[in-house]
Amino acid sequence: MCYQVVHHPKECRKILEMSDKGNLDKISTLPDELLANILSSLPTLSAVQTSILSSRWRHLFTLTRNLSIDDREYFGTASLAQSEERRMSFERFVDGVFALHGISPIHKLKLIITFTYDCPHLPLWITAAILKGVQHLDLCIGNHPNALPSCIFDCQTLTTLDILALTNKGYDLSVPGLVCLPSLTTLKLNNMRILDGDSVNRFFVGCSHLKELYLHFCRFTTDHVCISATELRTLRIICCSGHLVIDAPKLANLLHICMPPFLGVGVKNLRSLLSVELCLLLTSRPPQVLHDIIRGANNAKELILKDSAVQLLTMVGDNPIPTHSKLEKLQLGFCCHDTWKYLMVWPKNSPQLETIIFTEGLIEMDDTKDELHPDVALPPFSSNVRTIKVHQFTGRKVEILLLKYLLENAGVLQRLILIKDDTMEMNQELQVSKELPLLPKASTYCTIELIEP
């Protein structure tokens, strides 16, 4: 098997040079194990290049436990990747790395194959890593439909699997009849197409110790896809489409970012949730699942509602905000006049709530509205809120009125933190600085801070 090294002797030698009288430093006297750990943190191409430094370094890269192979580093430009000779040279290089690596175990393999070309050796490299007991497998692949060997679904040592497909249509995930991944704790799927609901069910049955699941831009093209994960703790669903049911009795952290068309997500056993983050774009058809998640997560300690999630929540029928007896922190995104009446039920229904953060300002940026909406009669509330933080504060009249409302009702408030918006001018800041101390406060211990972003 032919083995090729890309030579950059001057760059490699700089690693060893010091200003101590022009002599080489003592790094070469370090034990092989320590030098191998250092090389493991480098891209594999750079680690291989150190072999030309001296006979001491000739085979040190073969002791590395981490391999990071990126075809962009080898080809540099797309024009080079189009050369058949250059592509064959790249495959020989990677073949040589695995061959010279010998019997040394591989702890982590990161493969980034971005350019569009036929790479028949790709599944062989993955198989070689699995035979060497790989624990962390990170794949970023282009148009390679047969890149995943079947042995990837029967790897006893694999703890982390991260697959990103770079094609426009996504990568069709094909799952064999038997899946056995007893050590897998983290799974990340990005831009995958799920064609068969039964295979997905089999897949997660074979991942009995899965604790973290990330689904990014995945498409579920079949109905009744159910993911049952008894040990799952963290779930992140970002811009997926289709229908999905999650059955995870130990789920503690949920992130759901969605844009139309909405993903029909049904989440069972929500009582274990401690942190919920929902980010949805405004649409004329708000999903009922939004309110179902909020209502079911009544033991959560943190709720984060970004973008239009607050408005969508108010549009789902007449469902009231449930009591969150353990809620401590509430983050609210885009707010408008019509949502404020709905929002202020939260402090009343959450006796443990201590922190409220308005991440996108107190109210929408609309210069034509300087007063509160005449139909909005904000209810009084009494709570244990001690900190209120407002981002993108501009000092408009409507914001001052809302601050007055908050200060008059937060009886134990200790800090009101206002983070100035970049558009706030100096004269506006001076005016606001005079008005803020004069606002009536129910709490005698409250301080008001106007700070830079």
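These are my notebook entries on one predicted model.

**Ground rules.** I number residues from 1 along each chain as its sequence is written. The model is predicted, so local features need pLDDT of at least 70, side-chain atom pairs count only at pLDDT 80 or more, totals for chains, interfaces and linings use all residues, and side-chain values use heavy atoms, with hydrogens and water left out.

**Confidence.** I looked up pLDDT, the predictor's confidence in each residue, from 0 to 100. The chain's mean is 80, and 79% of its residues reach 70 or more. Residues 1-12 have pLDDT below 50. Beyond near neighbours in sequence, this stretch still has 28 contacts in the model (a contact means heavy atoms within 4.5 Å). Residues 18-22 also stay under 50. For them I find two contacts beyond four places in sequence.

**Whole chain.** I list 14 helices and 21 strands. Both are DSSP runs, numbered from the N terminus: helices are H or I with at least four residues, strands are E with at least two. Of the 453 residues, 49% are buried. Buried means under 20% relative accessible area, exposed over 50%, and partly exposed in between (1.4 Å probe, protein chains only). I then took contacts with a separation of 6 or more: residues 24 or more positions apart account for 67% of them.

**Helix α7.** This helix covers residues 122-131. Which of its residues are buried? I noted Leu122, Pro123, Trp125, Ile126, Ala129 and Ile130. Why do they lie on the same side of α7? They cover an arc of only 160° around the axis; the arc is that of the directions from the helix axis to the C-beta atoms. The background rule is that an α-helix has 3.6 residues a turn, so residues three or four places apart point the same way. The face turned away from the buried side carries exposed Leu124 and Leu131. The buried residues of α7 pack against α6 (84-101), β2 (108-113) and β3 (136-141). After α7 comes Gly133, with a positive phi near 75°.

**Cysteines.** How many disulfides does a search of the whole structure find? The search gives zero. A disulfide here is a pair of cysteine sulfur atoms within 2.5 Å. I checked Cys180: the closest cysteine sulfur, in Cys207, is 9.2 Å from its own, too far for a bond. Cys180 is partly exposed, at 29% relative accessibility. I checked Cys240 too: its sulfur is 4.7 Å from the closest cysteine sulfur, in Cys218, also too far for a bond. Cys240 is buried, with a relative accessible area of 3%.
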